[in-house]
Amino acid sequence: MKRLGLLIALIVVVLAGRPAWTADSDLTVDLSSHVVEIDSRFTGATLTMFGAISGPGDLVAVVRGPASDIAVRRKERTVGLWLNRDSMTFMQAPQYYAVVATAPVDRLLPADLRAAREIGVDQLRLQPAANNNDGEVVSFRDALVRQRTRDGLYLDQRSTVSVIDGRLFRVTLNLPAHVPTGPYRVDIMLVRDGAIVAERATPLSVVKSGLSAEISGFAHEHRFAYAAIAVAAALLAGWLGYVLFRKV
Amino acid sequence: MDIYLPIAGLSINAFILLGLGGAVGVLSGLFGVGGGFLMTPLLIFLGVPAPVAVGTGTNLVVASSVSGMMAHWRRRNVDFRMAACILSGGVAGAALGIWLFEVLKSAGQIDEVVTLLYIVFLGAIGVLMAVETAAKLLRRPDPRPRRAHEHLWVHGLPFKMRFRRSKLYVSTIPPVAIGFLTGILASIMGVGGGFAMVPALIYVVGMPTSVVIGTSLLGILVVSIASCVAHAVATQSVDVMLALLLAVGAVVGAQYGSKIGARLRAEYLRGLLALMVLTVCGRLVYELVATPDDPFRVDLLGLP
């Protein structure tokens, strides 16, 4: 069923794109959904990006989540105990970042281009808040990338890009259950001979929906009422437990 | 059956949460501790962000302590007069504790201070209780007629009051002081404080163990309501979905806990609590001493 829908979507894309199938429209892209909704049964989602390319080349897709300040703290052994000693805050680092491509990006694009466009986890520009010496920055930066990668929130290539008949392509990306909410940006690039020959940017948003959205919205907008309800619910649950079990 | 927790921002199997709540509930009913000091580290282990684990823990403690407290109340094991003394000190202590928390936080190192406080208190209480239990269990039954309570130094203090449920006529200073110190600990460490209050009431005030548990649960209930409201208002870190799932397990567990507690000998009860307290203490010491897998920790700022 999903496959059929995708096929129809692909055909629509191809047909709609036909009049513009000239040099300036080498790449046509769409997402399976522009909104990822997190409801109370959310256990992660699969994001499908699909489209068509006019000629030969490789595809690179970069998905970037909302940014926030991220602190990295380091423990050091102090009189036998491991205590937090140094910390470094990286300003406006992406909470989520993924790059997927038909081949390793370091073989597709030259280093300067990858650095300029932040293509690849190793090319992310992570800026520390205060001036620190370079050696320290590297180890803190590596720790940030290592832990985000371990948590499935930064990823390099760990996905599939399939190209059908050299013209239609499909990229799937599995978003974990703890995917950060907020605005995302999906950039898909057609790469030929070490250069980006065409690219399309598409917005994506990850939002809480249904009961999850209502609870989280209420908690932020009506703090005192939320606190009162939380306490009342807990008192009721405890009292009910007592009443029910007294009878048994 | 995974369920998405709206404030924590991740999904966890609902049965794991029910079971976790149940286990902590049994301990709560059995020992009269809120279980916050066990629940918070376990939730963090499951991937719940630390502030959400603390904030939600206070909400859960409300549910489990009201359930356990009512079960003890029915057995006439709650000394309301003693609870009022404890809480009058507790409220003042909590206010001071919140101020101290802010001071420590701005100086950095709040995590280490909290961990070290846990180790000192859990270690001291655990050893004290274990030694006493071992001595009691090894000794032959005492043939002499037992007195209602032992006469301790604190009983010489002024402002005496009669506590009928506890069968005591003692000064009000020690319970107020215990409440005050527990209030400080509770707000710094983000727990109800039962694990510190129970042994203090037994050893310092000389209350009978059976009455201590119901009375401390009432104290914990009031303290946890206050801190739950504070967390929900200040940081929006209370996840009701998570708290209710844990609470369903916890209220059921608490009933079983108080039933088991009614059958066990006081020495065994104390010995088990000592064992549990020392286990948690040992784990904290290990974390502080053992070389971590990754010395770095990553925190997203500005998020709950």
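Figure 1. A:Arg125 is partly exposed, because its relative accessible area is 45% (buried means under 20% relative accessible area, exposed over 50%, and partly exposed in between, computed with a 1.4 Å probe on protein chains only). This is a predicted model, in which local features need pLDDT of at least 70 and side-chain atom pairs count only at pLDDT 80 or more, while totals for chains, interfaces and linings use all residues; side-chain values use heavy atoms, with hydrogens and water left out. Residues are numbered from 1 along each chain as its sequence is written, and chains are lettered from A and ligands numbered from 1 in the order in which they are written. The side chain of A:Arg125 meets that of A:Glu118 in a salt bridge, at 3.4 Å from N to O (a salt bridge is a side-chain nitrogen of Lys or Arg within 4 Å of a carboxyl oxygen of Asp or Glu). Side chains of opposite charge can pair when their charged atoms come close.

Figure 2. A:Glu118 is placed in the loop between helix H3 (111-117) and strand S8 (127-128) of chain A (helices, H or I with at least four residues, and strands, E with at least two, are DSSP runs numbered from the N terminus). With a relative accessibility of 11%, A:Glu118 counts as buried. Leaving aside residues up to four places away in sequence, A:Glu118 touches A:Arg64, A:Tyr97, A:Gln123, A:Leu124 and A:Arg125 (contact means heavy atoms within 4.5 Å).

**Figure 3. Further salt bridges of chain A.** The count comes to 10 salt bridges over all chains. In one of them, A:Arg74 pairs with A:Asp86, the closest N and O atoms being 3.1 Å apart. A:Arg74 belongs to strand S5 (residues 67-78) of chain A and A:Asp86 to strand S6 (residues 81-94) of chain A, so the pair ties together parts that are 12 residues apart in sequence. A:Arg74 counts as buried at 15% relative accessibility, whereas A:Asp86 is partly exposed at 31%. A salt bridge also forms between the side chains of A:Asp187 and A:Arg185, with 2.8 Å from N to O. Of these two residues, A:Asp187 is buried, with a relative accessible area of 10%, and A:Arg185 is partly exposed, with 43%. Salt bridges that share partners join A:Arg74, A:Glu76, A:Asp86 and A:Glu136 into one network.

**Figure 4. The antiparallel sheet of chain A.** Four strands form an open sheet of chain A in the order S1-S3-S11-S10, with antiparallel pairing (two strands pair if DSSP finds at least two bridges between them). Strand S1 (27-31) and strand S10 (160-164) of chain A are the edge strands, and each pairs on one side only. From one strand to the next, the twist averages 20 degrees (axes are lines fitted to C-alpha atoms, for helices over the stretch in contact, and angles run from 0 to 180 degrees between N-to-C directions). Strand S1(A) pairs with strand S3 (residues 45-53) of chain A in the antiparallel sense over 5 bridges. Within this pair, A:Val29 has A:Gly51 in S3(A) as its bridge partner. In a regular strand the side chains alternate between the two faces of the sheet.

**Figure 5. The mixed sheet of chain A.** An open sheet of 6 strands in chain A has the order S2-S13-S12-S4-S7-S9 and mixed pairing. Strand S2 (35-38) and strand S9 (154-156) of chain A stand at the edges with a single partner strand each, so one side of each is left without a neighbour in the sheet. Neighbouring strands of this sheet are turned against each other by 15 degrees on average, direction ignored. Strand S7 (residues 97-101) of chain A and S9(A) run parallel and are joined by 3 bridges. A:Val99 stands opposite A:Asp156 in S9(A).

**Figure 6. A hairpin of chain B.** Strand S1 (residues 2-5) and strand S2 (residues 10-13) of chain B pair in the antiparallel sense over 4 bridges. B:Tyr4 has B:Ser11 in S2(B) as its bridge partner. The two strands form a hairpin with 4 residues between them, and B:Gly9 in the turn has a positive phi of about 80 degrees.

**Figure 7. Helix H2 of chain B.** Helix H2 (residues 36-45) of chain B contains the buried residues B:Gly36, B:Phe37, B:Leu38, B:Met39, B:Thr40 and B:Leu43. Just after H2(B), B:Gly47 takes a positive phi of about 105 degrees.
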